[in-house]
Amino acid sequence: MKELVDRIKQDGEVLPGNVLKINSFLNHQVDPQLMMHVGEEFARLFKDEKVDKVLTCEASGIAPGVMAAYQLHVPMIFARKKKPSTLNDAVYWADVFSYTKKVNNKICVEEKFLHPGEHILIIDDFVAHGEAVKGMVNIAKQAGCNIVGVGAVVAKTFQGGSEWVENEGLHFEALAKIDSFENDQVHFEGEE
């Protein structure tokens, strides 16, 4: 998606540890017009899949997830990183390691929002090592859902998460595919 790639080139910052900071439009401040285009692109890419719900993870997955759900005319659910007191005990849990923050999180979704046989599209802001996606896949499987695909706003293909998703046999689409951060520059797949 050219618009997204251009924004990453313009505003992205490569940090130590293979971290890409895109706080100006997704991970801190959200550009709603860009996210609407992201949602439109996910809807186009997954138009041939039956989707009942979009599943994402808080917090940075919410903007692209809700825009994709809006375009697909389905609800969006987000996995929480901490169980609030208002959530009952009937939840699906999964462990997710954050390479960015170097912490292990438990994510959860209340059972009443996922039902056996539903068709789930997973949307994530980044797929690097794939830990958040693995957690969401785990939760969807616990609920007996069918995972129709995984969409990533950005995939750092050199870190293995994209490969894991594809090895699971899941339809995978990334709107921006990063091949490397050589010389502290973002290098996209297919660029010379």
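## Close-ups of a predicted chain

**View 1. How the chain connects to itself.** Counting contacts (heavy atoms within 4.5 Å) between residues at least 6 apart in sequence, 60% link residues at least 24 apart. This is a predicted model, where local features need pLDDT of at least 70, side-chain atom pairs count only at pLDDT 80 or more, and totals for chains, interfaces and linings use all residues. Residues are numbered from 1 along each chain as its sequence is written, and side-chain values use heavy atoms, with hydrogens and water left out.

**View 2. The overall build.** Here we have 6 helices and 10 strands, taken as DSSP runs (helices H or I, at least four residues; strands E, at least two) and numbered from the N terminus. Along the principal axes, the C-alpha atoms fill a box of roughly 50 × 35 × 30 Å. Of the 192 residues, 48% are buried, meaning under 20% relative accessible area with a 1.4 Å probe, protein chains only.

**View 3. The largest pocket.** Its volume is about 910 Å³. Among the 36 lining residues, Ser 98, Thr 100, Lys 101, Asp 125 and Phe 126 sit closest to the centre. A pocket is an open set of points on a 1 Å grid where a 1.4 Å probe fits, with protein on both sides within 12 Å along at least five of seven lines; lining residues have an atom within 4 Å of a point. The volume is the space filled by probe spheres set on the points, which are joined across faces, edges and corners.

**View 4. Who lines the largest pocket.** β7 (119–127) is among the elements supplying at least two lining residues, and β7 gives the most, with 4.

Key
Buried means under 20% relative accessible area, exposed over 50%, partly exposed in between (1.4 Å probe, protein chains only).
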